[in-house]
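Biologist: I'm new to reading protein models. Could you walk me through this one, feature by feature?

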Amino acid sequence: MKVCLEIVSNGQLETKVLRPGSFLRIGRNEKSDWIVQDDKMSGAHCEINLRFDRLLIKDLKSKNGTYINGIRIEHSDLFVGDQFRIGDTLITIHEHLLDDEAVKVLTFPGGHKKRISQKISLDFTSARLKKSGPL
């Protein structure tokens, strides 16, 4: 399984590939795996962890927060179609960038296409909590 993240930062588009067991720490300082020059991002802003059965994001007590689909989070599962913002950087999990196994594992409970088509983004906390656990 592999997950490709589409990243738009400072007007540039790039992708990052994650494999099970990998972490990606994002921030402005040298302790980060991916260093981004974004004035609204903290030195160590957030961490993404791809496990064999889920994709997790954890805010690292950043000043400006981490937002999934417009909702500020401390930690959460990520699903196909989610877009998260850290500073002015947007990262999206597009289905067309995922392999079949990743799509199966990262599909939102109840069907991500229905969730996206109805633009449900304000009240899906309980579904995330059902799958979430310690990071």
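**Reading the model together**

Modeller: Let's open with something absent: the structure holds 0 aromatic pairs. Rings of Phe, Tyr and Trp (its six-membered ring) pair if their centres lie within 6.5 Å; planes under 30 degrees apart count as stacked, over 60 as edge-to-face and the rest as tilted. Keep in mind that this is a predicted model, where local features need pLDDT of at least 70 and side-chain atom pairs count only at pLDDT 80 or more, while totals for chains, interfaces and linings use all residues. Residues are numbered from 1 along each chain as its sequence is written, and side-chain values use heavy atoms, with hydrogens and water left out.

Biologist: Which ring has Arg-85 over its face?

Modeller: A charge sits over a ring if NZ of Lys or CZ of Arg is within 6 Å of the ring centre and within 35 degrees of the ring normal. Here Arg-85 lies over the face of Tyr-67, at 4.5 Å from the ring centre.

Biologist: How many helices and strands does the chain have?

Modeller: Helices (H or I, at least four residues) and strands (E, at least two) are DSSP runs, numbered from the N terminus. This chain has 3 helices and 11 strands. Along the sequence the pattern is β-β-β-β-β-β-β-β-β-β-β-α-α-α.

Biologist: And what is the order of the strands in the open sheet?

Modeller: Two strands pair if DSSP finds at least two bridges between them. The open sheet has 5 strands in the order S4-S3-S5-S6-S9, with mixed pairing. S4 (34-35) and S9 (75-78) are at the edges with a single partner strand each, so one side of each has no neighbour in the sheet. S3 (residues 22-27) pairs with S4 in the parallel sense over 2 bridges, and Ile-26 stands opposite Trp-34 in S4.

Biologist: Which strands does S1 pair with?

Modeller: S1 runs antiparallel to S2 (residues 12-18), with 7 bridges, and Leu-5 has Lys-16 as its bridge partner in S2. These two strands form a hairpin with 2 residues between them, and Asn-10 in the turn has a positive phi of about 55°. S1 is also joined to S11 (residues 89-92) by 3 bridges, again antiparallel; there, Val-8 has Leu-90 as its bridge partner.

Biologist: Is S1 mostly covered or exposed?

Modeller: Buried means under 20% relative accessible area, exposed over 50%, partly exposed in between (1.4 Å probe, protein chains only). In S1, 6 of its 7 residues are buried. For the chain, 44% of the 135 residues count as buried.

Biologist: Which residues touch the most other members of the largest nonpolar core?

Modeller: In soluble globular proteins, nonpolar side chains tend to be buried together. A nonpolar core is a set of buried Ala, Val, Leu, Ile, Met, Phe, Trp, Tyr and Cys residues joined through side-chain atoms within 4.5 Å. The largest one has 28 residues, and Val-3, Leu-5, Ile-26, Ile-48, Leu-55 and Ile-57 touch the most other members. Elements giving two or more residues to this core include S1 (3-9), S5 (46-50) and helix H1 (100-105).

Biologist: Where does Lys-61 lie?

Modeller: Lys-61 lies in the loop between S6 and S7 (66-68). Its phi is near 60°, a positive value in a residue other than glycine. Lys-61 is exposed, with a relative accessible area of 80%.
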